[in-house]
Amino acid sequence: MTQTARVYGGSLYELAAEETLTDTIRAQMMAVQDLFRENPDYLALLCEPSIAKDERIGLIETAFGEQAERYLVSFLKLLCEKGILREYAGCCEEFTRRYNVDHNIAEAVATSAVALTDAQVSALKEKLEKQSGKTVVLTQKVDPSVMAGLRVEMEGTQLDGTVQGRILGISRKLADVVM
């Protein structure tokens with residue numbers, strides 16, 4: 001994430017917090033981010049310098065003006081006007097980071113060789129919440145290279161309970177003993 005995205009995303013978060021609109025704007029930001037991901041040509045069009053800024057800003061108003069919170073529409077227009085609309089994903093990341101801090105939420109990613117059952121996901125989420133003292137938003141990834149076990153990444157910490165991770169740990173200990 002760039003410094004620009006931190007500043008702009010953080011500023012929008014502060015405004016949303018002042019107006020008690022953080023939940024609404026966050027949900028709408030994610031919807032817009034999904035739209036940009038699914039339609040990269042639309043984002044490219046909004047960033048195209050050969051199209052007049054007024055015309056690009058008009059496209060934003062037409063697409064989002066009736067459906068999105070006015071602060072978010074104005075934010076999108078500002079990014080377009082400044083020529084930094086491609087920083088939008090980073091702005092969403094910073095907005096979400098600040099939201100999570102204020103709402104005591106931790107995001108975690110669990111990676112396993114096969115999909116976890118609902119009961120396993122629920123138990124893992126409960127254990128992570130108990131350990132962290134935060135509400136955990138858990139995303140699950142399947143990676144056959146994990147072989148067996150589970151790897152969890154949360155708030156910059158990796159908990160590796162995979163067979164591969166355990167073998168690597170044993171290898172390191174053996175290397176330390178041999179040296």
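These entries cover two helix pairs in turn.

Entry 1. I note that I am working from a predicted model. Two packed helices are described by the angle between their axes and the distance between the axes, so I looked up both.

Entry 2. I took helix 4 (residues 53-64) and helix 5 (residues 70-82), whose axes cross at roughly 155° and come within 10 Å. Angles over 145 degrees count as roughly antiparallel, so I wrote down helix 4 as roughly antiparallel to helix 5. I recorded the crossing of helix 4 and helix 5 as right-handed.

Entry 3. I then listed who makes this contact. Helix 4 contributes K53, R56, I57, I60, E61 and F64, and helix 5 contributes R70, V73, L76, K77, C80 and E81. I sorted the residues of the contact of helix 4 with helix 5 into 6 nonpolar and 6 charged, with no polar ones.

Entry 4. I moved on to helix 2 (residues 22-38) and helix 6 (residues 88-102), which pack with their axes 10 Å apart at an angle of about 150°. Helix 2 is therefore roughly antiparallel to helix 6. I recorded the crossing of helix 2 and helix 6 as left-handed.

Entry 5. Which residues of helix 2 and helix 6 make the contact? From helix 2 I listed T22, D23, I25, R26, M29, M30, V32, Q33 and F36. From helix 6 I listed Y88, A89, C91, C92, F95, T96, Y99 and N100. The residues of the contact of helix 2 with helix 6 came out as 11 nonpolar, 4 polar and 2 charged.

Note on methods: Residues numbered from 1 in each chain as written. Predicted model: local features only at pLDDT ≥ 70, side-chain atom pairs only at ≥ 80, totals over all residues. Heavy atoms only, no water. Axes fitted to C-alpha atoms, helices over the stretch in contact; angles between N-to-C directions. Helix = DSSP H or I, 4+ residues; strand = E, 2+ residues; numbered from the N terminus. Parallel < 35°, antiparallel > 145°, perpendicular 65-115°, else oblique. Left-handed = near helix turned anticlockwise from the far one by under 90°. Contact = heavy atoms within 4.5 Å. Nonpolar A, V, L, I, M, F, W, Y, C, P; charged D, E, K, R; others polar.
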